[in-house]
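Have the structure open and follow along as we go.

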Amino acid sequence: MLSAQNPTRTAMIVDDHPLFCDALSIVLTSAAGISSVTTADSLNDALEVLNDGPLPDVLLLDLNLPDVNGLDGLLRLRARHPELPLLIVSSMSDNRTVSATLRAGARGFVPKHSHRDIFRSAFDAIWAGETYHPEGYIEPASEDGERDESVARLASLTRQQARILRLICDGKLNKQIAFDLSIAETTVKAHVTAIMRKLGVQSRTQAVLVAQQARYAHLLPEG
């Protein structure tokens with residue numbers, strides 16, 4: 001957890017709207033205690049920057065990017081950098097979307113139209129090691145809650161496990177998966193066992209059902 005007294009926090013904004021990035025950068029430096037802000041206009045550009053240098057203290061992610069659909073960006077970032085706090089900043093702020101992002105591992109959600117005081121509150125929560133819930137958010141129940149739980153389980157998979165589950169969803173056998181990923185079949189079997197344990201299921205079929213229940217099987221990280 002970052003110290004509340006740390007005066008040199010850094011942030012990255014991943015959004016493909018330059019004017020919004022400029023405005024949000026000003027908010028972060030003037031109201032949220034951020035000393036340095038970098039930007040990226042696509043997920044792939046962001047991943048390249050993150051791989052080449054030190055991680056920022058927080059990353060602000062839009063859900064709608066040129067190379068991203070739905071939770072794809074969040075899941076891929078979580079798989080590659082699980083220690084990086086992610087704050088979703090999106091115009092899609094319905095209760096179901098907020099719940100899904102938080103279940104998938106986001107540290108908070110701020111609607112794009114929010115006032116700077118909201119951003120300040122969100123960062124105060126993140127610096128304190130807490131999760132920020134937007135005003136009016138209600139924990140979902142029943143079917144929505146079950147789907148969000150499936151998303152949370154999917155988010156716990158490593159990058160390689162996510163690749164393998166994607167191929168399982170495509171109906172491929174262990175031997176085919178091993179060939180596609182250039183790894184040993186015994187390694188695939190070990191990953192499949194770990195996937196089923198993390199998803200809380202007893203078979204490959206049940207693992208596919210969990211992915212389908214989440215409605216994000218096609219959004220699992222590719223790499």
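Start in helix H5, where Arg-120 and Asp-117 sit 3 residues apart, so about one helical turn separates them. Keep in mind that this model is predicted. These two residues form a salt bridge, with their closest N and O atoms 2.5 Å apart. Both partners are partly exposed: Arg-120 has a relative accessible area of 32%, and Asp-117 has one of 39%.

Why do such pairs form? Side chains of opposite charge can pair when their charged atoms come close. Searching the whole structure turns up 4 salt bridges.

Now move to Lys-112, which meets the side chain of Asp-15 in a salt bridge at 2.8 Å, N to O. Lys-112 lies in the loop between strand E5 and helix H5, and Asp-15 in the loop between strand E1 and helix H1, so this pair ties together parts that are 97 residues apart in sequence. Lys-112 also forms a salt bridge with Asp-62, where the closest N and O atoms are 3.4 Å apart. Asp-62 is in the loop between E3 and helix H3, so here the linked parts are 50 residues apart in sequence. Together, Asp-15, Asp-62 and Lys-112 make a network of salt bridges. Asp-15 is buried, with a relative accessible area of 3%, and Asp-62 is buried with a value of 3%.

Instead, the side chain of Asp-57 reaches the backbone nitrogen of Thr-10 at 2.8 Å.

Note on methods: Residues numbered from 1 in each chain as written. Predicted model: local features only at pLDDT ≥ 70, side-chain atom pairs only at ≥ 80, totals over all residues. Heavy atoms only, no water. Polar contact = N/O pair within 3.5 Å; in protein donor to acceptor, adjacent residues only side chain to side chain. Helix = DSSP H or I, 4+ residues; strand = E, 2+ residues; numbered from the N terminus. Buried < 20%, exposed > 50% of the residue type's maximum accessible area, 1.4 Å probe, protein only.
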